[in-house]
Amino acid sequence: AVAALTRWPEGFVPHPVIEKLVQRWQAAADGRHPHADWCLAETLAYASVLQAGVDVRVSGLDVQRGTFMHRHAVWHDQAPQPGQPDTFVPLQQLGTAARFDIVNSVLSEEAVVGFEYGYSVHAWRSLTVWEGQFGDFVNGAQVYLDQYIAAGEEKWGQRSPLVLLLPHGYEGVGPEHSNAWLSRFLQLCGAGNLQVAMPSTAGQMFKLLRQQALAAEPRPLVVMTPKTTLHEEPASHTPLAALLEGGFAPVLADDGMAAKATARRVVISSGKLHYALQHARAAAGLDDVALLRLEQLYPFPAEALAQALARHAGVEAVVWAQEETLNQGAWSFVRDDLQAAIAAACPAGTPLHRVARPVTAAGATSSKLLHQQQEAVLVAQALGLAAA
């Protein structure tokens, strides 16, 4: 698949960014750099879905390139010739009967999400994806989330496999570009109506998209996707050979602690915060703190989490850590499920603590410096290096 995806037409002059992209992909395929970043993992997910005979449709503002230069699904000829196409779409060159469409939409979330919801209802065996330029922007389509995406199947029997990709994560760039309204989506969850996920690795993203496309009875899938920080985190990239090993894991255990019974503290988080915790744990030389990742927030993976917790028989405290403010993250919606998993798998009386940014009305700060200071405090509290 990589060979087909990196072979442009004769006479096509790619942008230097695309040339470097192709070099990285080819290096991953031939083993010289055997890790798939998020861009390659998503592209290969679509390629494998197309090869399975499933149509793929992606829409949203700037999706052809990706807001964070994270997709590059459409390549532009830098020296187009008269009578020749000036764009090249690699995923349309796989020789499959399935169709791949990717459309840059207008900046009108209500209109576009409404259309894609309707499209997905009628083409429910296709993989239909809408991506927000920033996750916050889905707020403009709230009426469709409430009235149709969350409740349409129960109210009217309208099954929709629509995927919402919503870039999410605090990076010191302000409230309008940070929060995909995770807490609001979780508030809409009930009776298995949605799947809400926050994958922390490129491989998990690959498997999540394949799972959605090939599921017998898919429900709408809401994904808190990476922004710049997580896209560029090398530890989040996945060995190419591992992409087809197993399926999407709703919980990721701490493999570095797998053979140890020494963890006194277990920290559970979702998304990019895991890597800040991981780096700080290494810097502090901590060998008694385990880091678990909750990759799926709904339906809550109670059994998988209990199994991961049970690997740490000597745990004395469990911590839920989120980078979001206390009122805008997942804490209020996972607290009871976390308590139940702890009661099932940990020693009696093991306490559950939570660490989050303080409550605010707006959300993330616009100051990079303040963001870094807040994150340092949050991470120290989660690891037990500072008082909460």
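Let's start with helices α2 and α3, which pack at an angle of about 70° with their axes 11 Å apart, so the two are roughly perpendicular to each other. In the numbering, α2 covers 16-29 and α3 covers 38-51. Helices here are DSSP runs of H or I with at least four residues, strands are E runs of at least two, and both are numbered from the N terminus. The axes are lines fitted to C-alpha atoms, for helices over the stretch in contact, with angles from 0 to 180 degrees between N-to-C directions. On that scale, under 35 degrees is roughly parallel, over 145 roughly antiparallel, 65 to 115 roughly perpendicular, and the rest oblique.

Please keep in mind that this is a predicted model, where local features need pLDDT of at least 70, side-chain atom pairs count only at pLDDT 80 or more, and totals for chains, interfaces and linings use all residues. Residues are numbered from 1 along each chain as its sequence is written, and side-chain values use heavy atoms, leaving out hydrogens and water.

So who meets whom between these two helices? Leu-21, Trp-25 and Ala-28 of α2 touch Cys-39, Leu-40 and Thr-43 of α3, contact being heavy atoms within 4.5 Å. Five residues of this contact are nonpolar, one is polar and none is charged. For the classes, Ala, Val, Leu, Ile, Met, Phe, Trp, Tyr, Cys and Pro count as nonpolar, Asp, Glu, Lys and Arg as charged, and the others, including Gly, as polar.

Now have a look at α4 (109-122) and α5 (142-149), whose axes lie 9 Å apart at an angle of about 25°. That makes α4 roughly parallel to α5. From α4 come Glu-110, Val-113, Gly-114 and Tyr-117, and from α5 come Val-143, Tyr-144, Tyr-148 and Ile-149. This contact has six nonpolar residues, one polar and one charged.

On the α11 side you'll find Ala-302, Leu-305, Ala-306, Leu-309 and Ala-310, and they meet Leu-338, Ala-341, Ile-342 and Ala-345 of α12. Here the contact has nine nonpolar residues, with no polar and no charged ones.

Pro-299 sits in the loop between β14 (296-298) and α11. Another one to click on is His-72, which is not a glycine but has a positive phi of about 55°. You'll find His-72 in the loop between β2 (56-60) and β3 (75-76). As a reminder, most residues other than glycine have a negative phi, and most peptide bonds are trans.

On a 1 Å grid over the protein atoms alone, a cavity is a set of points where a 1.4 Å probe fits but cannot get out, while a pocket is an open set with protein on both sides within 12 Å along at least five of seven lines; lining residues have an atom within 4 Å of a point. Points are joined across faces, edges and corners, and a volume is the space filled by probe spheres on them.

How much space lies in the largest pocket? About 400 Å³. Its lining has 21 residues, and Thr-201, Leu-252, Ala-253, Asp-255 and Arg-293 lie nearest the centre. Two or more lining residues come from each of α8 (202-214), α10 (273-284) and β13 (289-294), with α10 giving the largest share, four residues. The classes are seven nonpolar, nine polar and five charged.

The second largest pocket, at about 310 Å³, has 15 lining residues, with Arg-24, Asp-37, Phe-68, Met-69 and His-231 closest to its centre. Our opening pair returns here: α2, α3 and α9 (228-231) each give two or more residues to this lining, and α2 gives the most, four.

Among the residues lining the largest cavity are Trp-38, Glu-42, His-70, Arg-71 and His-231. Four lining residues of that cavity are nonpolar, three polar and three charged. Thanks, everyone!
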